[in-house]
Amino acid sequence: MIDFSVNGKRIDLDVDPSTPLLWVIREQLGLTGTKYGCGMAQCGACTVHINGEAVRSCVAPVSRASGKSVTTIEGLSPDLSNPLQRAWLEEDVPQCGYCQSGQLMSAAVLLRAKPQPTDDEIDEAMTGNICRCGTYSRIRRAIHRAAEMAAKGGAQ
Amino acid sequence: MSRHASGIQRRDFLKVSVAASGGLLIGFQFPGLSSLVSAQTTPATFMPNAFVRIGTDERVTVIVNHSEMGQGVYTSLPMLLADELDADWSKVGYEPAPVDPKYNHPAFGMQITGGSSSVWSGLDQFRQAGAAARAMLVAAAAQQWNVDASTCRTESGAVLHGNRKLTYGHLAAAAAKLPPPEHVQLKDAKDFKLIGKPIKRLDTSVKLNGKAEFGIDVKLPGMLNAVVARPPIFGAKMKSFDDSGARSMPGVRKIAAIPAGVAVIADTFWQAKVARDALRVDWDEGSMHDFDTGKMMADFRERAKTPGTSVRKDGDFESALASSAKKISALYEVPYLSHLMMEPLNCTVDLKAGSCEVWTGSQFQTVDRANAAKTAGLPPEKVQLHTTFLGGGFGRRANPQSDFVVEAVQVAKAAGVPVKVIWTREDDMAGGWYRPAFVHAIEGGVDASGDAVGWRSRLVGQSIMAGTPFAAMMLKGKAYDPASVEGVDDLPYSIPNVTVESHQAEVGVPVQWLRSVGHSHTGFAVECFVDELAALAGKDPYRFRQALLQKQPRHLGVLDLAAQKAGWDKPLPKGMGRGIAVHFAFGSYSAHVAEVSVKDDKVRVHRMVCAIDCGQYVNPGIIQAQTESGAIFGASAALYQELTFENGRLQQTNFHTFPVMRINECPEIETHIVESKEKAGGIGEPGVPCAAPAIANAIFAATGKRVRRLPIRMTEAV
């Protein structure tokens, strides 16, 4: 039995503890916003938070989440009110959209650590997230915009 | 509002019906087909040929016959319809079309998303559907008010007359009972409210909260998951397999030989994957067992020394070269490439006695449905294919053999219950259907005044079309594959003597169209060689092109725009260089200027300035996004990507060995759109071809060294 919480909800699961957290989230919990892209922490599409830290869930065994709090894209905000989601909307960031859950989850950790990130800090935090559509310029702008929104009192 | 007749015969063409909701449904009725019903009705009565549904709740649902793979069709096509309808944009939504001949691509005769053609091919279709719906709503309102329809106007989802107003939702039921208009009038461009504006995409919200459903997210009641062991070498056949370890692994329900390999069917993907990896399969490796891309390219180089099939012959190249003051030859090489969509291939199938349902991110619905039906042993009309969001397509999900769909139906036959097949990233990369590798030998000369007098291109590579069911249609009796030579067969430069020849290589690696297809390699070779000719002539590469493009105003337009916006003549810091390229593809003209630096043999692209002329455009926000997306796609290929084979086996497996440009490597990038009234062109692909040559030419400007092989390795530059 593995006991953890996902998006604030307590989960008890009978699952092989070596199963990657990604597949538990997607298949057992039905939260399909977190994506599979590579299975080896190369692309970032599977990024979630464990106790607030960005984790590539495709290589994290579910046992790593035991007793901890996991946040997925579905838990970033209930209503697209997170400044990042609002900024992503305003900058019209996604194209195919497949990588964007991971992009947002990585950006959320960045903004908590660096509320006003520089371009270099964005590069450093977001380098692990591949976008095959090449939305990087808009991602960069949206992160700056979200930082401004948060600074102006938007709820984080 | 001024309008003009569309010139399309509406009689016997438009039909209307009452949708299940009581709203108005309108679409195109083609002769010989029975009346239409809502695209959302149950499968038993499912006969969609409609493009819009208006509900009594005011919702306007646009039914889109092209797949959304990032290029924005769920926004741009609804914009066309909604503008003519004078809809309230905040009430407009989209819905993927089911598979039906009525949703065929007007130019290609099949339901397909490809060739950067969604907007230009849907332009009339969607505008007329909107205009026809509007006319009927106006007629319904005029009837209720007992006024002449011509005295009514429409605005933001309502018909107005004097101070009176009826919303489309209120009018929907009444309008549905009226006869369709015999003629529709389309707006003048000056009256557009949406078309031409940077309207935000309709599909963004669902891509920010995990709600967008991609193929990989589909879940059916009682569904199992499967992973397939496929041949490690193209053409290898399974001799036997040992599943003694795998069979007893947790969750495994069935392990079965299928034509594509061995399917491991389990409760979850992860269980299936672990068990698949524990299988021991003995393969008959076949004739490709010693396939080696190094040897293949060496063979291609030899063939490039000999004359090929004539593609184009202007004047007399041999004499022109003989009399040239200076001549130069260069050999350009590009590797096999994987499409590498972020969402790996997958397909879900529910096969029952007498019916089959398929869920996948398809770019090729007509063909996928037909191939699924054939595999299932059913007539096509018994197969329903549901198009999900595509996590990237780039051509891979328009496979002429429907490889990933056919295989999933094979697995479903073995499973006996609904099943989802997911390819791992490694499976996807090794699965074939690559952009073919090419050797492109070019020779040319300039006269004493530095004018180009002769050009000969010889290309060696595999045909995409040969051997497919479309060969006859696409090759049109030609002895070469047009997709191999596109982008050089129409060399736009004023050079009096031009020869283009093609060698078709037969290699057992399955190849397919990849974003910009032939242009993805001809753009590189042609634009690098033009640069080499400019250097040979001692001329500035931008002005050399300018002089040779005087008869090509739209090439010239983007070339000048890119050069001007980039500040072509502004000096760059030492160690940096600027390169330019221009190319026509898919109905659109594109030019890029790249600024690069090279340090310790490492190339850094600092800035890319893109100019695009795609004729009349619908959404400049999407034009910008697609142009830059294409440039980054092309730059990724140029800087990092190559598939190689040794002993028949692919050497690359995942993003670490087949890299994609990341945010820290992404240049500053800007796009400038040419205002144009010309026929609409494509936008998904035209941004790709100029990226590689602009970067390579910038490297020459920075270092004096020529890059002639992709991906760029400075150690190979000459």
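# A tour of chains A and B

Start in chain A and select helices α3 (residues 100-113) and α4 (residues 119-126): their axes come within 9 Å and cross at roughly 135 degrees. That angle makes α3(A) oblique to α4(A). The crossing is right-handed. Keep in mind throughout that this is a predicted model.

Now show the side chains where these two helices meet. From α3(A), pick A:Ser106, A:Ala107 and A:Leu110; from α4(A), pick A:Ile122, A:Ala125 and A:Met126. The contact of α3(A) with α4(A) divides into 5 nonpolar residues, 1 polar and no charged.

**Second stop: α3 and α5 of chain A**

The axes of α3(A) and α5(A) lie 11 Å apart, and the helices pack at an angle of about 45 degrees. The two are therefore oblique to each other. α3(A) passes α5(A) in a right-handed crossing. On the α3(A) side, the contact is made by A:Gln103, A:Ala107 and A:Leu111. On the α5(A) side, look for A:Ile139, A:Ile143, A:Ala146, A:Ala147 and A:Ala150. By class, the contact of α3(A) with α5(A) has 7 nonpolar residues, 1 polar and no charged.

**Third stop: where the chains meet**

Bring chain B into view. How many residues does each chain give to the contact? Chain B gives 44 residues and chain A gives 45. On the chain B side, select α4 (269-278) and α15 (620-640), each of which supplies at least two residues. Which element supplies the largest share of that side? It is α15(B), with 6 residues. The side of chain B that touches chain A has 21 nonpolar, 14 polar and 9 charged residues.

Select helix α2 (residues 118-145) and helix α3 (residues 168-176) of chain B; their axes come within 9 Å and cross at roughly 90 degrees. α2(B) and α3(B) are therefore roughly perpendicular to each other. On α2(B), show B:Met136, B:Leu137, B:Ala140, B:Ala141 and B:Gln144. They meet B:Tyr168, B:Leu171, B:Ala174 and B:Ala175 in α3(B). The contact of α2(B) with α3(B) has 8 nonpolar residues, 1 polar and no charged.

Most residues other than glycine have a negative phi, and most peptide bonds are trans. The next residues go against the phi part of that pattern.

Select B:Ser402, in the loop between β20 (383-387) and α8 (403-415) of chain B. Its phi is near 50 degrees, a positive value in a residue other than glycine. Is B:Ser402 buried or exposed? B:Ser402 is buried, because 26 other C-beta atoms lie within 10 Å, and 20 or more are enough to count.

Move on to B:Ser516, in the loop between β24 (497-505) and α12 of chain B. B:Ser516 is not a glycine, yet has a positive phi of about 85 degrees. B:Ser516 is buried too, with 33 other C-beta atoms within 10 Å.

α12(B) is mostly covered, with 16 of its 19 residues buried. Step just past α12(B) to B:Gly538, which takes a positive phi of about 70 degrees.

**Last stop: after α16 of chain B**

Go to α16 (691-703) of chain B and then to B:Val707, in the segment after this helix. B:Val707 counts as buried because it has 26 C-beta neighbours inside 10 Å. Which residues does B:Val707 contact, leaving aside its neighbours within four places in sequence? They are B:Ala696, B:Ile699, B:Ile712 and B:Ala717. Draw a distance from the C-alpha of B:Val707 to that of B:Ile695: it reads 9.4 Å, for residues 12 apart along the chain.

Finish at B:Pro711, also in the segment after α16 of chain B. A cis peptide bond joins B:Leu710 and B:Pro711, with omega about -5 degrees.

Note on methods
Residues numbered from 1 in each chain as written. Chains lettered and ligands numbered in written order. Predicted model: local features only at pLDDT ≥ 70, side-chain atom pairs only at ≥ 80, totals over all residues. Contact = placed C-beta atoms within 7 Å. Helix = DSSP H or I, 4+ residues; strand = E, 2+ residues; numbered from the N terminus. Nonpolar A, V, L, I, M, F, W, Y, C, P; charged D, E, K, R; others polar. Axes fitted to C-alpha atoms, helices over the stretch in contact; angles between N-to-C directions. Parallel < 35°, antiparallel > 145°, perpendicular 65-115°, else oblique. Left-handed = near helix turned anticlockwise from the far one by under 90°. Buried ≥ 20, exposed ≤ 12 C-beta atoms within 10 Å, placed from the backbone.
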